[in-house]
Amino acid sequence: MPRNKRPQGADEKRDEIVAAARRLFVDGGYDATSMNRLATEAGVAANTIYWYFRDKDDVLIAVLSAVMAEAWPQYQDVADRPISERVLWIVRRLTEMSGLVTTVHARVPHSPSIAEWHNNFHVLTGSLFGAELEAAGIAADAIEAEVMIAVFTVEGLLMHTQDETEQRAICTALASRWPAPQT
């Protein structure tokens with residue numbers, strides 16, 4: 001006879017499903033993770049997942065949101081470092097989650113909800129970076145192009161294997177385009 005589980009709140013159960021999905025998506029990949037496998041990993045019945053999420057893409061968005069919520073306080077620890085160091089930090093974090101990054105880019109054409117999340121991610125990060133460039137004294141009419149150059153550089157570093165020395169050199173070259181922020 002199965003053991004009775006302790007009662008859990010909805011938020012706790014949802015968090016457990018997200019944690020299980022994160023492990024599975026990172027280790028085995030999004031496409032290789034079935035909802036049944038996710039349910040097993042999370043220790044719930046398969047239909048329980050649908051009490052919390054519309055579909056697998058909704059689970060992915062919850063995983064991505066959890067990753068971002070975890071990364072933001074970590075980023076604050078490096079926020080006072082030179083911009084080249086911060087860009088390198090971002091590249092390292094995204095490299096650790098490269099499977100999720102690849103999945104998002106692969107899902108964008110097929111999933112309106114993933115496309116919306118991806119777009120919002122770029123708007124948010126672009127706005128934050130743009131504000132920093134503005135504070136550094138970059139001309140307003142050049143900020144959008146500079147943000148795109150930075151995005152393309154980071155995405156290029158994710159798509160092409162570079163050792164840390166090469167990554168650092170690229171991030172330093174990118175940052176040399178901008179003056180230090182004005183204080």
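1. Overall fold. The protein chain has nine helices and zero strands. Read from the N terminus, the order of its elements is α-α-α-α-α-α-α-α-α. Helices (H or I, at least four residues) and strands (E, at least two) are DSSP runs, numbered from the N terminus. This is a predicted model, in which local features need pLDDT of at least 70 and side-chain atom pairs count only at pLDDT 80 or more, while totals for chains, interfaces and linings use all residues. Residues are numbered from 1 along each chain as its sequence is written, and side-chain values use heavy atoms, with hydrogens and water left out.

2. Extent and burial. The C-alpha trace of the protein chain spans about 65 × 30 × 30 Å along its principal axes. Of the 183 residues in the protein chain, 38% are buried. Here buried means under 20% relative accessible area, exposed means over 50%, and partly exposed lies in between (1.4 Å probe, protein chains only).

3. Helix 2 covers residues 35–42, and Met35, Leu38, Ala39 and Ala42 are buried in it. These residues cover an arc of only 100° around the axis, so they are on the same side of helix 2. The arc is that of the directions from the helix axis to the C-beta atoms. Asn36 and Thr40, on the other side of helix 2, are exposed.

4. Side chains of opposite charge can pair when their charged atoms come close. The rule used here requires a side-chain nitrogen of Lys or Arg within 4 Å of a carboxyl oxygen of Asp or Glu. By this rule there are twelve salt bridges. One of them joins the side chains of Arg22 and Glu70, at 3.0 Å from N to O. This pair links distant parts of the chain, with Arg22 in helix 1 (residues 10–27) and Glu70 in helix 4 (residues 56–76), 48 residues apart. Arg22 is buried, at a relative accessible area of 19%, whereas Glu70 is partly exposed at 39%. Another salt bridge is formed by the side chains of Arg177 and Glu146, at 2.7 Å from N to O. This pair also links distant parts of the chain: Arg177 is in the segment after helix 9 and Glu146 in helix 8 (residues 140–159), 31 residues apart. Arg177 is partly exposed, with 44% relative accessibility, and Glu146 is buried, with a relative accessible area of 11%.

5. Further charged contacts. The side chains of Asp58 and Arg54 meet in a salt bridge of 3.7 Å, N to O. Asp58 is buried, with a relative accessible area of 14%, while Arg54 is exposed, with 60%. A network of salt bridges links Glu85, Arg92, Glu164 and Arg168.

6. Aromatic pairs. Rings of Phe, Tyr and Trp (its six-membered ring) pair if their centres lie within 6.5 Å; planes under 30 degrees apart count as stacked, over 60 as edge-to-face and the rest as tilted. The count by this rule is five aromatic pairs. In the pair of Phe129 and Trp178, the ring centres are 5.2 Å apart and the planes at 75°, so the pair is edge-to-face. Phe129 lies in helix 7 and Trp178 in the segment after helix 9 (164–175), so the pair ties together parts that are 49 residues apart in sequence. Both Phe129 and Trp178 are buried. Elsewhere, Trp72, Tyr75 and Trp89 form one aromatic cluster.

7. A nonpolar surface patch. Trp72 also belongs to a nonpolar patch on the surface with Leu124 and Leu128, and together they have about 310 Å² of accessible area. Patches are made of residues with over 30% relative accessible area and no salt bridge; like charges are joined within 9 Å, and nonpolar side chains (Val, Leu, Ile, Met, Phe, Trp, Tyr) within 5 Å. Accessible areas come from the Shrake-Rupley method with a 1.4 Å probe, and for residues only the protein chains shown count as cover. Leu124 lies in helix 7 (residues 112–135) and is partly exposed, with a relative accessible area of 46%.

8. Ala62. Ala62 is located in helix 4 and is buried, with a relative accessible area of 9%. Ala62 and Leu158 are 96 residues apart in sequence, and their C-alpha atoms are 22 Å apart in space.
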